[in-house]
Amino acid sequence: MTPRAITIRLAEPRDAQAIALMSRDFIESGLGWKYDASRVIRAIRDRETLAVVACDAKSAAGARAAINGFAIMEFGDERAHLVLLAVRPSLRRSGIGQRILEWLLESARCAGIASIHLELRAGNEAARRFYRAMGFYETVLVPGYYRSGEGRKEGALRMLRVLRVPGPLPAAWRPPRMEDR
Ligand SMILES: CC(C)(COP(=O)(O)OP(=O)(O)OC[C@H]1O[C@@H](n2cnc3c(N)ncnc32)[C@H](O)[C@@H]1OP(=O)(O)O)[C@@H](O)C(=O)NCCC(=O)NCCS
């Protein structure tokens, strides 16, 4: 499948179970399952949170398109926190993660966000390389950040991408327009 066969759209409550299972299996594995369907539904309904999914662009008439990737990002005044991002293993390295992230970056720029922050498991080399390729850089290693129900601890690597100089937006600021880029 090529990236052109993928559509990125806002997540809907009916996507919550598929998103939650992907989070459990591809992100939270071994740490306990925090993003179950009810928590994902709250994120989808939260006005300060953006939840998006990557779906097959073409599916059989009447059939629901399969969800191949998703992301959840929380917006503050100046900072956004990328909470979760995953792509199905069989579809990785085909540009889906990049397309989801570009969608989020465009939304953050339009919202006047100055920087995007995230944490990932310290040993998650694939994700670290992905985020580095997407313009993020490492800021700090936090030992014992993740804790499973069995008391297992794992360090987190914090990463950051700067979108603009922090501080109030100039009065004349307008969201970027696609044709200006
Ligand atoms: C991290 C993740 C979302 C990347 O998604 P993806 O769709 O495979 O990424 P893309 O195909 O868009 O990759 C874009 C670029 O990132 C870099 N990259 C991505 N995965 C990489 C890897 N495993 N090793 C090295 N570089 C990688 C490459 O530069 C790649 O471009 P290229 O394929 O042309 O070389 C995916 O690996 C994943 O779901 N991992 C499990 C969940 C996870 O760890 N999420 C992050 C923490 S919440």
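Helices (H or I, at least four residues) and strands (E, at least two) are DSSP runs, numbered from the N terminus. The structure is a predicted model, in which local features need pLDDT of at least 70 and side-chain atom pairs count only at pLDDT 80 or more, while totals for chains, interfaces and linings use all residues. Residues are numbered from 1 along each chain as its sequence is written.

**Exercise 1: the whole chain**

Work out how many helices and strands the chain has, and in what pattern they follow one another.

*Solution.* 
- Step 1. Count the elements: there are four helices and seven strands.
- Step 2. Read along the sequence, and you get β-α-α-β-β-β-α-β-α-β-β.
- Step 3. Now look at the overall fold: the radius of gyration is 17 Å, close to the 16 Å of the globule rule for 181 residues, so the chain is as compact as a globular protein of that length. The radius is taken over C-alpha atoms, and the rule is 2.2 Å times the number of residues to the power 0.38.
- Step 4. The C-alpha trace spans about 50 × 50 × 30 Å along its principal axes.
- Step 5. Turn to contacts, meaning pairs of residues whose C-beta atoms, placed from the backbone, lie within 7 Å. Among contacts with a separation of 6 or more, 62% are between residues 24 or more positions apart.

**Exercise 2: the two sides of helix 2**

Find which residues of helix 2 are buried and which exposed residues sit on the face turned away from them.

*Solution.* 
- Step 1. Look at what covers the buried residues: the cover includes helix 1 (16–27), strand 2 (49–56) and strand 3 (67–75).

**Exercise 3: around the ligand**

Find how many residues surround the ligand and which helix gives the largest share of them.

*Solution.* 
- Step 1. Count residues whose C-beta atom, placed from the backbone, lies within 6 Å of the ligand. There are 20, and the closest are Arg 92, Gly 97, Gln 98, Ala 126 and Ala 133.
- Step 2. Sort them by element: helix 1, strand 4 (79–87), helix 3 (96–110) and helix 4 (125–133) each give two or more.
- Step 3. The largest share, five residues, comes from helix 4.

**Exercise 4: strand 7 and its partners**

Show how strand 5 and strand 6 are joined to strand 7.

*Solution.* 
- Step 1. Two strands pair if DSSP finds at least two bridges between them.
- Step 2. Strand 5 (residues 115–121) and strand 7 (residues 153–162) run antiparallel, joined by seven bridges. Ser 115, for instance, has Val 162 as its bridge partner.
- Step 3. Strand 6 (residues 137–147) also runs antiparallel to strand 7, with seven bridges. Here Glu 138 is partnered by Met 159.

**Exercise 5: a loop residue**

Locate Arg 93 and decide whether this residue is buried or exposed.

*Solution.* 
- Step 1. Arg 93 is in the loop between strand 4 and helix 3.
- Step 2. Arg 93 counts as exposed because 9 C-beta neighbours lie inside 10 Å.
- Step 3. Phi of Arg 93 is near 65°, a positive value in a residue other than glycine. Most residues other than glycine have a negative phi.

Note on methods. Buried ≥ 20, exposed ≤ 12 C-beta atoms within 10 Å, placed from the backbone. Contact = placed C-beta atoms within 7 Å. Near = placed C-beta within 6 Å.
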